[in-house]
Amino acid sequence: IELWKSDNNGVDWSRLPNVASSSTVIYGDSTLVALANGELLVGYREQHPTLGWSVRVSRSVDHGATWGFGGTIHDWTGGEFVGAPAFNLLSDGTLQAYYDSEAAAPGADQYIALKNGAFNAGTGLWEWSNERIVNRTGVGGAGVRDGMPTVVNLGPDLDGVGDRLMVVVEGIGVTGGQTHNL
C-alpha cells in the first residue's frame, strides 16, 4: 500500500515508505486517518488465497516515516467478503471503523458494519469491538448489498450527549438474483 504526501496544498507530491506489502496478500480499499496525538492509521482490506478476506490497520507514530501492524478490525472470513474501511472520530475521541461485511449479513447480502476502536498500550495494537450494523433493510423488498461507506460527523445530537452521524454508501439491491443500483 503506497503512501504519498504534499507539503504545499497538493501542488507537489513525494512518496513515503509503503504502509504494508506482501507477496501472498492482495491489498485494497485503503483509508487514512490522522489522530489528535499525531498518530496515523491506515485501514485496508486483505485478500488471501486460502484464508479469505480481512480488514487490518497499520500504524505510524512518526508522521508516516515507518509503519507497523496496528490491529485487526475484522479477521479472516474464509469466503465472505469484508473490506472498504472508513474511519470516523466521535467528539468524545472514540475512533470508529465502518466497513463492508458479507460476514455480518445473511445469504448473499452485504451490510455496512461498524466497530469502536481502542488503543491497547500493553500490546501496542488497536482493538476493535462492539460490532453494529448501519442498514438491514432493502429498498422495495430487495436484498441489501450496501458498500463503500463514507461517514461524516454533523456535530452534537439534540441532547448534547453524542454525535449526529451520516453515512453514504453505494446502494446495491438484489431482486430475483439480479443486482442493481438503488
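In which strand is Met166 found? Met166 belongs to strand 13, which covers residues 163–170.

Please bear in mind throughout that the structure shown here is a predicted model.

Let me begin with the overall architecture. The protein chain contains 15 strands and zero helices. Its 182 residues would give a radius of gyration near 16 Å if they formed a compact globule, and the value for this chain, 17 Å, agrees with that. Taken along the principal axes, the box filled by the C-alpha atoms is roughly 50 × 50 × 40 Å. Of the 182 residues, 42% are buried. The chain exposes about 9700 Å², and 52% of that area is supplied by carbon and sulfur atoms. As for contacts between residues at least 6 apart in sequence, 39% of them join residues at least 24 apart.

I turn now to the charged side chains. How many salt bridges does a search of the whole structure find? The search returns seven, and I shall discuss several of them.

Consider Asp29 and Arg45, which form a salt bridge whose closest N and O atoms are 3.0 Å apart. Asp29 sits in strand 3, residues 26–34, and Arg45 in strand 4, residues 40–48, so this pair ties together parts that are 16 residues apart in sequence. The two partners fall into separate accessibility classes: Asp29 counts as partly exposed because its relative accessibility is 26%, while Arg45, at 15%, counts as buried.

The next pair is Glu39 and Arg59, whose side chains meet in a salt bridge with an N to O distance of 2.7 Å. Here Glu39 lies in the loop between strand 3 and strand 4, whereas Arg59 is in strand 5, residues 52–60; the pair therefore ties together parts 20 residues apart in sequence. Glu39 is buried, its relative accessible area being 5%.

A further salt bridge joins the side chains of Glu102 and Arg145, at 2.9 Å from N to O. Both residues are in loops: Glu102 between strand 8 (95–101) and strand 9 (111–120), and Arg145 between strand 11 (143–144) and strand 12 (147–156), so that parts 43 residues apart in sequence are tied together. Glu102 has a relative accessible area of 19% and is buried; the cut-off for that class is under 20%.

Which residues are linked in a network of salt bridges? They are Glu46, Arg56 and Asp75. Leaving aside residues up to four places away in sequence, Glu46 touches Val25, Ile26, Tyr27, Gly52, Trp53, Ser54, Arg56 and Trp76.

Finally, I return to Met166 and the surface. Together with Val152 and Leu154, Met166 makes a nonpolar surface patch of about 250 Å². Why does Met166 count as partly exposed? The reason is its relative accessibility of 48%, since partly exposed residues lie between the buried limit of 20% and the exposed limit of 50%.

To summarise, the model presents a chain of 15 strands and zero helices, seven salt bridges, and a nonpolar surface patch made by Val152, Leu154 and Met166.

Note on methods. Residues are numbered from 1 along each chain as its sequence is written. This is a predicted model: local features need pLDDT of at least 70, side-chain atom pairs count only at pLDDT 80 or more; totals for chains, interfaces and linings use all residues. Side-chain values use heavy atoms; hydrogens and water are left out. Patches are made of residues with over 30% relative accessible area and no salt bridge: like charges are joined within 9 Å, nonpolar side chains (Val, Leu, Ile, Met, Phe, Trp, Tyr) within 5 Å. Accessible areas come from the Shrake-Rupley method with a 1.4 Å probe; for residues, only the protein chains shown count as cover. A salt bridge is a side-chain nitrogen of Lys or Arg within 4 Å of a carboxyl oxygen of Asp or Glu. Helices (H or I, at least four residues) and strands (E, at least two) are DSSP runs, numbered from the N terminus. Buried means under 20% relative accessible area, exposed over 50%, partly exposed in between (1.4 Å probe, protein chains only). Contact means heavy atoms within 4.5 Å. The radius of gyration is taken over C-alpha atoms; the globule rule is 2.2 Å times the number of residues to the power 0.38.
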